[in-house]
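Please keep the sequence and the structure in view while reading.

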2 protein chains.
Amino acid sequence: MTVSKTAEKSSEKPADAAKGRKDASEPQAEALQLGELSEQLGYVLKRAQLKVFENFLRCMASLQLTPAQFSVLLLVEKNPGRNQTEIASTLGILRPNFVAMLDNLESRDLCARIRSTNDRRSHILVLTDKGKAVLARAKKLVATKHEARLNDLLGQANREALLGMLAKIANEF
Amino acid sequence: MTVSKTAEKSSEKPADAAKGRKDASEPQAEALQLGELSEQLGYVLKRAQLKVFENFLRCMASLQLTPAQFSVLLLVEKNPGRNQTEIASTLGILRPNFVAMLDNLESRDLCARIRSTNDRRSHILVLTDKGKAVLARAKKLVATKHEARLNDLLGQANREALLGMLAKIANEF
DNA sequence: CGATATTTGGTATGGTCCATAACAATTATC
DNA sequence: GATAATTGTTATGGACCATACCAAATATCG
């Protein structure tokens, strides 16, 4: 075919081919049709994820915690005494990429690396007192400003159903 | 506080402090506790999204289409005669970043830029015949290998409910 | 009309995240 | 005790995302 390299003077456009704008007043050139895109799980999933992260960051602005950092703090608190490899891998973070992340958290005195006496290669991760305090405040912010909004939007039951299905996909897909 | 810079000889670890491994046979040092992490929507959402994209890429390996490329082809097919800015912005892609993407698709002869005669600044986007053929095959692959698997995992009704909730989050959050 | 502002596609560039290779120190294995 | 494996780390490159800027074309308005 090779598509004749020039085209269309608003030819077969049914609605507003005639003369002026179709809605009398204005500039917005009618929105595009999403079509099958809105049925693609991957597409909708990605979009929703971006929105959720965006909102998370806004809620955490005062504490300057990203979703990834928050997850690290949560996991270290729940599993004290573990080393970098263990924490990183259960979060799906590669060890090399985890180094800078920890450098950041440690420089802010939120967590600390402690050389293990069992295996002097490994660094045990622990939350500092400040880290525990910040995490506690973060949890409250997330619960009241972030997750609460999901409940408002979806309803408690739906929110839980959603979580369950996503977990199923994350684990069994 | 400042965390005494050395610690723990497997001290308060209840289970396997004694002598050997706790499970008799071997190496896996008991999995970490996810804890509240598994209740964080953002975390589970991201995890699920990664899995879905991963599976999508596997299904599309023969066509070499990424989720983003697939969405472009779908949108161009559904909305022929639109320019780069319109297609890019409804996909949430910034114009500068859309250029290389289109270069790629155009070099593979899947779509074409046509200088508009209405507005000689803009490039109208069109699928080539090859592009239409590839997209048709892509749709079949997605439907039979990708989305079908979701149905198996969640069930038709749940899959639709999931889609609805995610769309709600994407649009109204 | 003509001067100015806006829009479009594009380049350049920097940031963040993700992945791989390689390395020194330490520990495990045989 | 020699060799292999593991841990944290550096270096590096790719993919994706965001901003500033530019030339060509168009829109706006005095």
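In chain A, the loop between helix 1 (41-59) and helix 2 (67-78) holds Q64(A). The model is a predicted one, and the points below are grouped by topic.

- Most residues other than glycine have a negative phi.
- Q64(A), although it is not a glycine, has a positive phi of about 55°, and with a relative accessible area of 57% this residue is exposed.
- In chain B, the loop between helix 4 and strand 1 (111-115) contains D109(B), which is likewise a residue other than glycine with a positive phi, here near 60°.
- D109(B) counts as partly exposed, since its relative accessibility is 41%.

**Helix 2 of chain B**

- Helix 2 of chain B, made of residues 67-78, has 12 residues and reaches 16 Å from its first C-alpha to its last, which is close to the 16 Å expected at 1.5 Å a residue.
- Because 9 of the 12 residues of helix 2 of chain B are buried, this helix is largely enclosed by the rest of the structure.
- Among the buried residues of helix 2 of chain B are P67(B), F70(B), V72(B) and L74(B), and the list also includes the residues Q69(B) and S71(B).
- What do the buried residues of helix 2 of chain B pack against? Their partners in chain B are helix 1, helix 3, helix 4, strand 2 (123-127) and helix 5 (129-154).

**How the two chains are related**

- Chain A is superposed on chain B by a rotation of 180° with 0.0 Å of shift along its axis, and the RMSD is 0.0 Å.
- This is the relation of a two-fold axis.
- The same surface serves both copies, because 100% of the contact residues of chain A recur in chain B, as one expects to read alongside the relation of a two-fold axis.
- Which residue of chain A comes closest to the rotation axis? That residue is L162(A), whose C-alpha is at 3.2 Å.
- Q49(B), which has its place in helix 1 (residues 41-59) of chain B, is buried, with a relative accessible area of 4%.
- Leaving aside neighbours within four places in sequence, Q49(B) is in contact with L45(A), K46(A) and Q49(A).

- Of the atoms of DNA strand D that come within 4 Å of the protein, sugar and phosphate account for 61%.
- Two side chains of chain A come up to phosphate oxygens of DNA strand D: an N or O atom in the side chain of T85(A) is 2.3 Å from one, and a polar side-chain atom of R113(A) lies 2.5 Å from one.
- A base nitrogen of DNA strand D lies 3.0 Å from a polar side-chain atom of N97(B).
- Two or more residues of the surface near DNA strand D are given by each of helix 3 (84-90) and helix 4 (95-107) of chain A and helix 4 (95-107) of chain B, and the largest share, 3 residues, comes from helix 4 of chain A.
- By class, the residues of this surface near DNA strand D divide into 4 nonpolar, 6 polar and 7 charged.

- Sugar or phosphate holds 61% of the atoms of DNA strand C within 4 Å of the protein, while the rest belong to bases.
- For phosphate oxygens of DNA strand C, an N or O atom in the side chain of Q84(B) is 2.8 Å from one, and a polar backbone atom of H123(B) is 3.1 Å from one.
- At least two residues of the surface near DNA strand C are supplied by each of helix 4 of chain A, helix 3 (84-90) of chain B and helix 4 of chain B.
- The surface near DNA strand C has 4 nonpolar, 6 polar and 6 charged residues.

Conventions. Residues are numbered from 1 along each chain as its sequence is written. Chains are lettered from A and ligands numbered from 1 in the order in which they are written. This is a predicted model: local features need pLDDT of at least 70, side-chain atom pairs count only at pLDDT 80 or more; totals for chains, interfaces and linings use all residues. Side-chain values use heavy atoms; hydrogens and water are left out. Copies are superposed by least squares on the C-alpha atoms of residues with pLDDT of at least 70 in both. Contact means heavy atoms within 4.5 Å. A residue is near a molecule or strand if one of its heavy atoms lies within 4 Å of it. A polar contact is a pair of N or O atoms within 3.5 Å; within protein, one must be able to donate a hydrogen and the other to accept it, and residues adjacent in sequence count only if both atoms are side-chain atoms. Helices (H or I, at least four residues) and strands (E, at least two) are DSSP runs, numbered from the N terminus. Ala, Val, Leu, Ile, Met, Phe, Trp, Tyr, Cys and Pro count as nonpolar, Asp, Glu, Lys and Arg as charged, and the others, Gly among them, as polar. Buried means under 20% relative accessible area, exposed over 50%, partly exposed in between (1.4 Å probe, protein chains only). The expected span of a helix is 1.5 Å times one less than its number of residues.
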